[in-house]
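Subject: Handover of a structure and findings

Dear colleague,

Please find below the structure that I am handing over to you. My findings follow directly after it.

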Amino acid sequence: MRDMRKYKYMVLRRSSQVSLLFLFIAGNILGWNALRGNLSASIILGKIPLTDPFALLQIFATGNMISAEALEGALIVTVLFGLVCGRAFCSWVCPLNMVTDLANRLREKMKLDAENRNPFLSRKARYWVIGISLVLSFATGVAAFEWISPISMFHRGVIFGMGVGWTAVLAIFLFDLLIARNGFCGHLCPLGGFYSLITRFSLVRVRHYKEKCTQCMKCTDICPERQALPMVGKTSSMVVSGECTNCARCIEVCDDDAMRFGIRYVS
Ligand code: SF4
Ligand code: SF4
């Protein structure tokens, strides 16, 4: 029973990521109406717009016009993740997460973590990349991160066929595998950083129960954002960091049932 539960959220997350990719392929190639567009701007059933709020902010910085539909889409996405689901975009939606998770899993299997635990990269680097993206967007008149985003390259590549985008995806895979654990998603990606900033007060959260915790620390070992779990073994409380991706790996790995999803402000 425990073994099946161990992979429950992983199966759900992968199903979510693959299903969304399938719907994008069906919408863009087969003409289905369920979901059309891309991760920056899409539309559900031809009626509900969804816009990446970080992409919108970059376009705003370029000085270009923003449509009312794009604004509405950004508002929907901001409310969905910012107030409800937390940084779940990263672990439940983003297709590149499947690549970085694979690299980090292999890194773990190859025991590359022992001597080389992110010796030079700060987790704050992603917030600098956000700032640099906005300044460059303002200076060049082009949405800077959108222009080079490996997430968009991978997403477009899966739907329409991969061109040179493979090199960016491969570079990120090798970076996470050989250079830094969770190097891209946990340190550099400005989109993940942006969602960390806007999801600080979201409702769906992991809760830690100190009275059940045996301090095995498996949760902090597996967590891609381990700084989000300072309370483990010390206090019973919710994860408050916006950097938590609600991936539920800490819940799956805990044999003591000391981690669970909960709703913030509801005890
Ligand atoms: S950090 Fe960036 S690449 Fe990683 S899962 Fe989040 S959005 Fe995708
Ligand atoms: S605290 Fe748990 S849910 Fe949040 S990122 Fe870490 S492992 Fe995932």
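How do the residues of the shell around ligand 2 divide into nonpolar, polar and charged? The model is a predicted one, and in it this shell has 8 nonpolar, 2 polar and 1 charged residues. Its members are Val206, Cys223, Pro224, Leu229, Cys244, Thr245, Asn246, Cys247, Ala248, Arg249 and Cys250.

The largest nonpolar core contains 47 residues, and Phe89, Leu96, Ile151, Leu191 and Leu229 have the most contacts inside it. Two or more core residues are supplied by each of helix H2 (8-28), helix H4 (68-85), H5, H6, helix H9 (150-160), helix H10 (165-179), H12 and helix H14 (249-253). H5 provides the largest share, with 5 residues. This core lies between domain 1 (2-198) and domain 2 (204-263), because both domains give residues to it. Leaving aside residues up to four places away in sequence, Ile151 touches Leu39, Cys94, Pro95, Leu96, Phe145, Cys189 and Leu191.

Helix H3 (residues 53-62) also deserves a comment. Of its 10 residues, 7 are buried, so the helix is largely enclosed by the rest of the structure. The buried residues of H3 are Pro53, Phe54, Ala55, Leu56, Gln58, Ala61 and Thr62. They pack against strand S3 (48-51), H4, helix H7 (125-140), helix H8 (144-148) and H12.

Finally, there is a sheet to report. It is an open sheet of 3 strands in the order S5-S4-S6, with antiparallel pairing. Strand S5 (237-238) and strand S6 (259-263) each have a single partner strand and stand at the edges, so one side of each is left without a neighbour in the sheet. Strand S4 (residues 204-208) pairs with S6 in the antiparallel sense over 5 bridges. Arg207 stands opposite Arg260 in S6.

Yours sincerely

Terms used
Residues are numbered from 1 along each chain as its sequence is written. Chains are lettered from A and ligands numbered from 1 in the order in which they are written. This is a predicted model: local features need pLDDT of at least 70, side-chain atom pairs count only at pLDDT 80 or more; totals for chains, interfaces and linings use all residues. Side-chain values use heavy atoms; hydrogens and water are left out. Two strands pair if DSSP finds at least two bridges between them. Helices (H or I, at least four residues) and strands (E, at least two) are DSSP runs, numbered from the N terminus. A nonpolar core is a set of buried Ala, Val, Leu, Ile, Met, Phe, Trp, Tyr and Cys residues joined through side-chain atoms within 4.5 Å. Buried means under 20% relative accessible area, exposed over 50%, partly exposed in between (1.4 Å probe, protein chains only). Domain bounds come from an automatic or database domain assignment. Contact means heavy atoms within 4.5 Å. A residue is near a molecule or strand if one of its heavy atoms lies within 4 Å of it. Ala, Val, Leu, Ile, Met, Phe, Trp, Tyr, Cys and Pro count as nonpolar, Asp, Glu, Lys and Arg as charged, and the others, Gly among them, as polar.
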